[in-house]
Amino acid sequence: RMLIENAKYQSRVFRDIHLELACREDGLQVLHVVLFPRVRHGLPIFAMDMVGVKGTPSYCIVDCAPTAGPALAEEQQRDIEELQALCLGSRGQEEAGAGTN
């Protein structure tokens, strides 16, 4: 059996916040998050999927899509690179580099 819960919210900054959590009896858990910002804030669309087993994360993928222009702003790109270094350490650029601009 699998239990799936969906929730949608809105805020002053985000026009749509979508959260989904799926849990299976064998301990598999999947978290799906998508944040759609209001255009006036200039933030990227943020998407994340995280998979875990019995509460231990085993896989996570994050994607940011620009909403103003063809690429993320330089400051946003720097912030992402800092997060990659923090989360992935020395492997960060090799593993995550394929998906960055």
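**Entry 1: contacts and overall layout**

Before I count anything, I need one term: a contact means heavy atoms within 4.5 Å. I also note that this is a predicted model. With that in hand, I looked at the contacts in the protein chain with a separation of 6 or more, and residues 24 or more positions apart account for 21% of them.

Next I went through the secondary structure. I found two helices and five strands in the protein chain. Read along the sequence, they follow the pattern β-β-β-β-β-α-α.

Then I checked the surface. The protein chain has 101 residues, and 20% of them count as buried. I got an accessible surface of about 7,300 Å², with 57% of that belonging to carbon and sulfur atoms.

**Entry 2: Phe14**

I picked phenylalanine 14, which sits in strand S2, residues 14–24. Which residues does phenylalanine 14 touch, if I skip those up to four places away in sequence? My list reads Leu35, Phe36, Pro37, Arg38 and Leu43. I also took the C-alpha to C-alpha distance from phenylalanine 14 to valine 39: these two are 25 residues apart in sequence and 8.9 Å apart in space.

**Entry 3: salt bridges**

How many salt bridges does a search of the whole structure find? It turns up three.

I began with arginine 1 and glutamate 25, whose closest N and O atoms are 3.9 Å apart. Buried or exposed? Arginine 1 has 77% relative accessibility, so I put it down as exposed. Glutamate 25 has 63%, so it gets the exposed label too.

Next came lysine 8 and aspartate 16, whose side chains meet in a salt bridge at 3.6 Å, N to O. Lysine 8 counts as exposed because its relative accessibility is 59%. Aspartate 16 is at 14%, so it counts as buried; the cut-off I used for buried is under 20%.

Then I looked at arginine 24 and aspartate 26, where the closest N and O atoms of the salt bridge are 2.7 Å apart. Arginine 24 has a relative accessible area of 37%, so I call it partly exposed. Aspartate 26 is partly exposed as well, with 43%.

**Entry 4: Lys54**

I checked a backbone angle here. Phi of lysine 54 is near 50°, which is a positive value in a residue other than glycine. Where is lysine 54? I found it in the loop between strand S4 (45–53) and strand S5 (56–65). Its relative accessible area is 67%, so lysine 54 goes in my notes as exposed.

**Entry 5: a charged patch**

My last stop was the surface again. Which residues form a negative surface patch? I noted Glu75, Asp79, Glu81 and Glu82. I followed up on one of them: glutamate 75 lies in helix H1, residues 74–88. Glutamate 75 is exposed, because its relative accessible area is 53% and the cut-off for exposed is over 50%.

How values were computed:
Residues are numbered from 1 along each chain as its sequence is written. This is a predicted model: local features need pLDDT of at least 70, side-chain atom pairs count only at pLDDT 80 or more; totals for chains, interfaces and linings use all residues. Side-chain values use heavy atoms; hydrogens and water are left out. Patches are made of residues with over 30% relative accessible area and no salt bridge: like charges are joined within 9 Å, nonpolar side chains (Val, Leu, Ile, Met, Phe, Trp, Tyr) within 5 Å. Accessible areas come from the Shrake-Rupley method with a 1.4 Å probe; for residues, only the protein chains shown count as cover. A salt bridge is a side-chain nitrogen of Lys or Arg within 4 Å of a carboxyl oxygen of Asp or Glu. Lys and Arg count as positive and Asp and Glu as negative; His and the chain ends are not counted. The place of a charge is taken as NZ of Lys, CZ of Arg, CG of Asp or CD of Glu. Helices (H or I, at least four residues) and strands (E, at least two) are DSSP runs, numbered from the N terminus. Buried means under 20% relative accessible area, exposed over 50%, partly exposed in between (1.4 Å probe, protein chains only).
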